[in-house]
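Please view the sequence and the model together before reading on.

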Amino acid sequence: MTEAVFEICVNIIEALISVDFITRYLGCRFSGKKKYAAFIICWVIAAFETTVMNYMTEFETFGAYIPIIISACYALVALQGSVPLKILIAVLTNLIPYGIALFVNLLMCNIIGYDPYELITVLNSTRVTAIVIAKLLQFYVTRIILRMKQRNPIEGRRWMMILIIPVISVISVGALMKAALIDSDISVYNLVGMICIILANIMVYWFFVEIDRDYETRMKAALLEQQNENLKNNIADNEAFVREMKTVRHDIKHQLLTILKYIEDGDCAAAKKYIDVITNNYMPNILTYIHTDNAAFDAAVNSKIAVCNQKGIFMEVAVKQGTKINLPQNEAVILFGNLLDNAIEAAEKTEAKRIMLDIRTSGSYLVIAVRNSIAKSVLTENADFKTSKKNKELHGIGMKSIRDIAERHNGMIKFYEEENEFCCHIMIDAE
């Protein structure tokens, strides 16, 4: 009875870690009660399946694929992301506990000379220790993967050190167990040592989380600073837009007076010729200003058009008929403001001075394509998109804002170059 209760508790904990991992990695499509209901249903089914399989057989064969199917169904129904990504993470979610259990069992059996069959089938202190270590490692590894997905600043050698810590801990625990088997008088001291090792791992993980929180705080501060800078730029752009509109209004007045003079003099041919000149050379600059159902998008793009006119940059905007820009106003300003700021900064340095913004829908996705002329290859010379602004601390913040918005809407970004133009292609699920 005790063994059955212990096995059920272990299965519940393992299922909880796995379901929590896949949910956090992909993100839930639902909110509120639906979100929690889907999570609990998957958790219960996963724990029940593992318990039944353990009762039916000591060693799983084809039954090992059932948890993957359960995770995949949960991901397809309740989680976000593309179908291939959901299936991949479903497989990974279940490979992690299997791989860790195999690693811990083999390592302990080799270190302390324990029989692998007994380690799996006989409930004793050795097996309990192996299970505790395996579940701690499962939790540890899944959390590290989640932090890596969030682009945690810990990289390179630091990552290696963090990953090595639990491995060393497993070896240490195995060595302590081996010593306890040789000399039973030191078993109490070994137990204290094992507890200290486990606590040390928990403290390392806590330290890791604190580093991540500090990083997130600094990133939020940098984002606020970058948004403040964007706001200042938008104010300046809007002022330029207003000045240009005043100029247009002033010029139109003179154009109309000139046409009126030709008509009063009876020179209709001259009036017609003058109208043709205005239409061909002047009106296109007025007609470049756009109007859609998203006021924030209109304000962001029109202000950038005014800036381009001042800088001598030809900017073409094409919004396919029927396209709805279903983005929150703050996201529309940040996304298109940053995209066009980067394009203007690059195009201004070229002879062609050209920018093309194309927006259309494809199924449920909003497709955004920005092209701008370049003086030299950006992907070769500046693959990390380092800023050329004076404030280097804002390096990558604008690009991070663009990526964050795309990821928030299950989107994707692609950068490429062709015909002396830098191209940014974005697809966002706008429904």
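## Terms and confidence

Helices and strands are DSSP runs, of at least four and at least two residues respectively, numbered from the N terminus. The model is predicted. The mean pLDDT of the protein chain is 76, with 68% of its residues at 70 or more.

Among the elements of the chain, strand 3 has the highest mean pLDDT (92), whereas helix 10 (residues 283–287) has the lowest (45). Over residues 283–288 pLDDT stays under 50, and the model has seven contacts beyond four places in sequence for this stretch. Residues 391–395 also have pLDDT below 50, with 10 contacts beyond near neighbours in sequence. Where pLDDT is low, the predicted coordinates should not be read in detail.

## Nonpolar cores

The largest nonpolar core has 37 residues, and those touching the most other members are Val301, Leu335, Phe336, Ile355, Leu357 and Ile368. Elements that give two or more residues to this core include helix 11 (295–311), helix 12 (329–347), strand 2 (354–362) and strand 3 (365–373). Helix 12 gives the most, with nine residues.

Beyond four places in sequence, Leu357 touches residues including Phe297, Val301, Phe336, Leu340 and Ile368. A second, separate core has 27 residues, among them Tyr25, Leu26, Ala78 and Ala90.

## The loop between strand 4 and strand 5

Glu419 lies in the loop between strand 4 (412–418) and strand 5, and Asn420 is found in the loop between these strands. Phi is positive in Glu419, near 50°, and positive in Asn420, near 60°.

Are these residues buried or exposed? Glu419 counts as exposed because its relative accessibility is 71%. Asn420, at 62% relative accessibility, also counts as exposed.

Terms used. Residues are numbered from 1 along each chain as its sequence is written. This is a predicted model: local features need pLDDT of at least 70, side-chain atom pairs count only at pLDDT 80 or more; totals for chains, interfaces and linings use all residues. Side-chain values use heavy atoms; hydrogens and water are left out. A nonpolar core is a set of buried Ala, Val, Leu, Ile, Met, Phe, Trp, Tyr and Cys residues joined through side-chain atoms within 4.5 Å. Buried means under 20% relative accessible area, exposed over 50%, partly exposed in between (1.4 Å probe, protein chains only). Contact means heavy atoms within 4.5 Å. pLDDT is the predictor's confidence in each residue, from 0 to 100.
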